[in-house]
Amino acid sequence: MRLAGALTRGFFGKGAGRGDDIAARTVGRLMKPRAPVSEIDPVLAWPAAILLTLGLVMVYSASITTAEGSAYTGYQADYFLIRHLLFLGVGLAAGVLVFRVPMGLWQRMAPWLFLIGVVLLVITLVPGIGHKVGGARRWLPMGSVYFQPSELMKLFVAIYAADYTVRKLDVMSSFKQGFMPMMAVILFVGCLLLFEPDFGAFVVVATIAFGVLFLGGVGIRVFLLLGLAALVGFILLVWIQPYMRARIFGFMDPWADPFGDGYQLTHALIAFGRGEWFGVGLGGSIEKLFYLPESHTDFLLAVIAEELGFVGVLVVVGLFALLVQRAFVIGREAIRLERYFSGLVAQAIGLWIGVQAFINMGVNMGLLPTKGLTLPLMSYGGSGLLANCLALGILLRVDWETRELKRGGNA
C-alpha cells in the first residue's frame, strides 16, 4: 500500500507549477509558425548534424559485409544503409514537428506520456505480442519494423522527471515528500526493464531521473545513500543473473576466454589496436568481416577506431562533449529566466545523451562491462534514432523559446 501511495503521489501530485508561468503568458509569441534558420543554435545544431552524418557513413561501412552475407537481408550490401536512411528521415521529420510544440504543452502532457511509456513496456513483456530475440523481449512488431519502447521511455522519463521536480520544488529537500515518490516510480519502471531484460536502459533511465532530482535540489546525502543502495543492488543482480555474471567476468579478463564470454571485447580491443593514430582507412576494417558482433550497432565505435583511428574517436568524443555541454548551457539559461521545466528538460536530455554515449564508449574500450546500449545519434536502430531526434527537437525548442523571451524582454 505504501508503494501504491508513493506511486500515486509521485505521478499525479500537484505542486509549485512554476515552470509554465512565463510560457503561458507568451503563448502567442511562442506559437509562431516557424523559426528562421539564423535563430537555431549553431553550437548545438552542427555537432548533432555531424554526428548524424558520420553515423550514417559508418553504419554503411560497418554493415556491408553483414548485409551481403545474410539471407535475412536478401544479400543486399546496402540493406542497413537504406533502412538507416529511412529511420533518419522519419526521425528528422519528427524532430521538426516536435520543435513546433510549446514547452508548456510538454509539461501538461508529462504524466500521460510517462503512463503511455509504462503501458508500452508492459505490453512488450506479454508473450505473443512482444518480439523476443536472443532471450530478451524488448521489441513490439510494427509491420516490417520492430519498435523498442525503452528508447522512447528515456525521453518520457526526462520530461516527467522535470515536471515532477518543478511541481515538488518546495519539498525537494524532503526525503519522504521529494525523493521517495520518484524513487518508487523509477523502481517500478526498472522492474519492467529488468524483466525484458534491459539493464543498460535501466541504468540510463535511473540516471536521468535521479540526475534531474539532484539538479532540482535533492541533497547530496540522499544521493550518497542512493549510490550505496545502487551498489548493493548491482551486486545482488550480478549474483542472481548468470548472464550478468558472465559479462562481469568476461570484462575483468576478456583474454581468459577469447572465444566465449570475452569474444566481443577482445575483438573490439583488436579493432582499436589496428586503428592506431589515423586508422586503416574508411571501409578497411577487418573486424567487421564477421569477427566483431553488432559492429553497426553496439560496437560501431570500435569500427570507427579501426578505420579512422584515435583521431577519429577523438573527434566523436569531442562532438558529444560539445553537444552535452551546450544542452546544459541551454538549460541553465532557461532556468535563469525562471523557466524551470524547460531548463530541467534540456539538462535531462544532456544527461541522457552524455551518459549513454559514455557507457557505450566505455564498453567499446573495455573500461565498462558489456551492455546492450547503442551510441546515440550514430548507431543503427530506428527506435533509438527516432528518440534522439525527438530529444534534439525539444532541446532546440527550449533554446528558441529562451531567445524569444529575451527578445521580448528587451523590446
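A crossing of two helices is left-handed if the near helix is turned anticlockwise from the far one by less than a right angle, and right-handed if clockwise. The model is predicted: local features need pLDDT of at least 70, side-chain atom pairs count only at pLDDT 80 or more, and totals for chains, interfaces and linings use all residues. Residues are numbered from 1 along each chain as its sequence is written, and side-chain values use heavy atoms, without hydrogens or water.

**View A. Helix α6 crosses helix α7.** The crossing is left-handed. Helices here are DSSP runs (H or I, at least four residues), numbered from the N terminus. Residues 103-124 form α6 and residues 149-167 form α7. Their axes lie 8 Å apart, at an angle of about 145 degrees. Axes are lines fitted to C-alpha atoms over the stretch in contact, and angles run from 0 to 180 degrees between N-to-C directions.

**View B. Arg 274 pairs with Glu 306.** The two form a salt bridge (a side-chain nitrogen of Lys or Arg within 4 Å of a carboxyl oxygen of Asp or Glu). Their closest N and O atoms are 2.3 Å apart. Arg 274 sits in helix α12, Glu 306 in helix α13, 32 residues apart. Glu 306 is buried, at 0% relative accessibility. Arg 274 is partly exposed, at 34%. Buried means under 20% relative accessible area, exposed over 50%, partly exposed in between (1.4 Å probe, protein chains only).

View C. Glu 404 is buried at 3%, while Arg 407 is partly exposed at 43%.

How values were computed
Helix = DSSP H or I, 4+ residues; strand = E, 2+ residues; numbered from the N terminus.
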